[in-house]
Amino acid sequence: MLALFLLLALLLVLVGHAFRLLRWEQFIRIYERPPRGQMLRGMAGGYALNFVLPFHLGDAFRAVYTGRRMKSGIGFALATVIMDRFLDVWFVAFGFIAFRLLRLGGAPVDGAARYYLVFSLLLVLGLVLVVALRDSLKKICLAFCGLFNDTLKLDGMMFFWSLINTFKDLGRVKIGRLVVNTLLMWAAYLGSYTALAAALTVAGEPMQLVDVFGLLFGRNAADFAALLPGGALGTAAPAARWLLLAWFVLPLLAMWAATLLPEGVRGAMNQATQAAPAGESYLNLLPQADEHDRAVFLSRYFGLENKDYVKRFLQMNRGITILEDYSAGSNATTMLCMDTQSTFYRKYAFGKDGAKLAEQLDWLRAQQDRLPLCDILRSEEADGCCWYDMVYNPQAVGMFRYLHSNPVEKSRAILRAVLATLEDKLYKPTAVPADAEKIEKYIETKVDGNLKKLHEDRMVRELMSYDTLRINGVEYKNLPALDWMFDHDRLRNLFAKDPVGTIHGDLTIENIICRTDNDSWYLIDPNTGNLHESPFLDYGKLLQSLHGSYEFMMKTPRVAVQDNRIDFQLTRSAAYDALLAAVMEDLSARYPREQVESILMHEVIHWLRLMPYKLNKDRKRAAMFYAGLVMVANDVADFSEHKKETLC
């Protein structure tokens with residue numbers, strides 16, 4: 001009879017552990033496929049440590065062992081273990097209260113019932129306080145994590161983030177299945193405790209279910225010390241103590257042994273207990289793959305920076321993995337991403353920038369039959385947010401990279417094809433007469449407005465107080481000395497002869513995408529809302545790259561400013577020089593000198609338009625871009641005064 005009761009107790013506790021595994025994996029399955037074998041080993045090791053160590057330290061082992069083998073990491077595993085134990089507290093409290101109401105167990109049960117009732121109420125109060133004080137607690141979490149080095153800081157933030165989302169995403173768990181798993185788990189455990197009580201009684205230590213329940217979950221819950229002299233079973237018959245030890249240890253050995261079964265057997269068992277379809281999809285705990293990007297995002301989240309942005313970012317991106325951020329000089333974000341189906345680029349923006357991106361999306365759709373453009377996979381516009389996904393092709397690269405990894409003749413041919421296609425397919429078919437009012441608005445907004453912003457900025461105002469600037473050891477006339485270039489009458493006369501039509505609006509080198517496999521090309525990232533929609537703005541944007549070296553400046557990390565001296569490492573390639581010569585040759589052949597001068601002046605205005613953005617978003621390097629403006633303005637002034645045909 002003893003062996004029968006023990007065998008039943010062992011089988012039922014194993015059944016209970018199996019349903020605990022199924023319940024635990026429900027919290028994990030939201031974010032990744034649960035590694036059942038590793039989870040089973042973690043549970044076995046955790047229970048073993050709980051048997052010999054106090055304070056349930058085995059649960060920490062369970063989280064660390066399993067988390068090191070999970071995509072989402074240790075912090076997430078620890079959060080799910082906390083959730084698992086959190087649910088247990090309520091059931092144990094209910095159990096002790098039920099025994100007390102049935103007047104079973106006497107004073108120890110009464111004390112345990114009061115203890116768990118208070119503990120449960122404190123948990124409820126804690127949850128209420130966490131919800132009510134969530135913003136303050138987030139800042140406290142950030143301050144606490146900030147006490148450690150960058151690695152530990154990120155680990156800490158990931159744990160708190162995981163804990164928050166494990167509770168927040170509980171609604172994504174199938175509650176019916178959670179309830180069934182919990183009820184079956186505790187039914188099996190209670191059956192095991194009942195059989196164990198019967199076995200202990202036969203072994204000479206009379207016990208009932210309430211006694212075993214109190215032994216395991218009372219205020220002095222049983223562990224290995226309970227079997228030693230002075231412990232709860234220290235004076236019990238040796239057979240009873242060996243029986244309890246066997247009940248603790250044998251299921252753990254069975255759980256560990258189950259992970260050593262042949263792969264085919266384990267696979268069949270997994271399929272037999274499959275808790276979700278094989279084609280299921282998962283949220284990402286965080287979409288960013290790069291640790292630095294994760295740290296920046298979590299610091300923003302716990303620091304309560306732009307809460308609306310964080311909320312929308314997660315709504316939009318939690319189903320994907322962000323591989324790399326390709327954002328450049330705009331308020332929109334471009335990322336290389338992947339989901340379970342493909343790799344793609346995602347571009348998004350919020351608020352006014354979202355409305356601007358929606359205009360860009362409309363332009364791409366409107367011109368898709370005219371020009372080679374990026375393929376749009378999907379898009380969405382809602383609640384002040386716009387995003388769209390573009391096809392990713394590993395053979396498609398920006399012209400900057402293409403230019404510096406292929407013979408210059410190939411890039412020259414592509415660039416001439418781009419300009420010819422734009423002229424024939426876009427500029428000429430959409431040509432309209434120039435609008436004097438729009439030219440006036442263009443001068444007022446893009447020229448006067450941006451010059452005013454430069455004068456209002458303290459750093460730039462100090463630089464502009466000098467008659468000349470020494471940029472990388474070369475002396476240039478400062479912008480105030482070139483104010484004749486921005487004379488309204490001069491600009492009106494110059495721009496009045498500009499052709500007008502639909503344009504790309506942001507024809508930089510990086511927005512021309514070249515295919516390395518077949519030498520074809522396409523355009524990305526148009527910019528609308530230029531007021532004076534002249535093709536000359538596109539040419540000016542191209543010159544901002546090739547003449548002004550904008551892309552090289554973007555790769556230059558530091559600039560030094562002292563008095564009227566601005567120094568930085570200005571890099572320029574022979575390939576850029578060759579392409580600039582080709583563009584200037586084409587423009588000079590296509591347009592009279594005065595219109596070429598207009599194109600160059602539009603390049604200067606592009607640099608002017610760039611400055612407020614740099615002062616706001618990239619202030620540490622803003623002086624370098626002001627130097628770029630000054631150098632370009634000096635070249636254009638020389639062209640205008642000396643009637644040069646090409647730029648140096």
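Leaving aside neighbours within four places in sequence, which residues is Asn634 in contact with (heavy atoms within 4.5 Å)? The partners are Tyr476, Lys477 and Leu482. Asn634 itself sits in helix α24, which covers residues 622–642, and is buried at a relative accessible area of 10%, buried meaning under 20% with a 1.4 Å probe and protein chains only.

A word on the model: it is a predicted one, where local features need pLDDT of at least 70, side-chain atom pairs count only at pLDDT 80 or more, and totals for chains, interfaces and linings use all residues. Residues are numbered from 1 along each chain as its sequence is written, and side-chain values use heavy atoms, with hydrogens and water left out.

Zooming out, the chain has 24 helices and 12 strands, taken as DSSP runs (H or I, at least four residues, for helices; E, at least two, for strands) and numbered from the N terminus. With a radius of gyration of 35 Å, well over the 26 Å that the globule rule gives for 648 residues, the chain is more spread out than a compact globule; the radius is taken over C-alpha atoms, and the rule is 2.2 Å times the number of residues to the power 0.38. Along the principal axes, the C-alpha atoms fill a box of roughly 110 × 50 × 40 Å. Still, 49% of the 648 residues count as buried, and among contacts with a separation of 6 or more, 71% come from residues 24 or more positions apart.

Just after α8, Gly204 takes a positive phi of about 105°.

Technical notes
Buried means under 20% relative accessible area, exposed over 50%, partly exposed in between (1.4 Å probe, protein chains only). Contact means heavy atoms within 4.5 Å.
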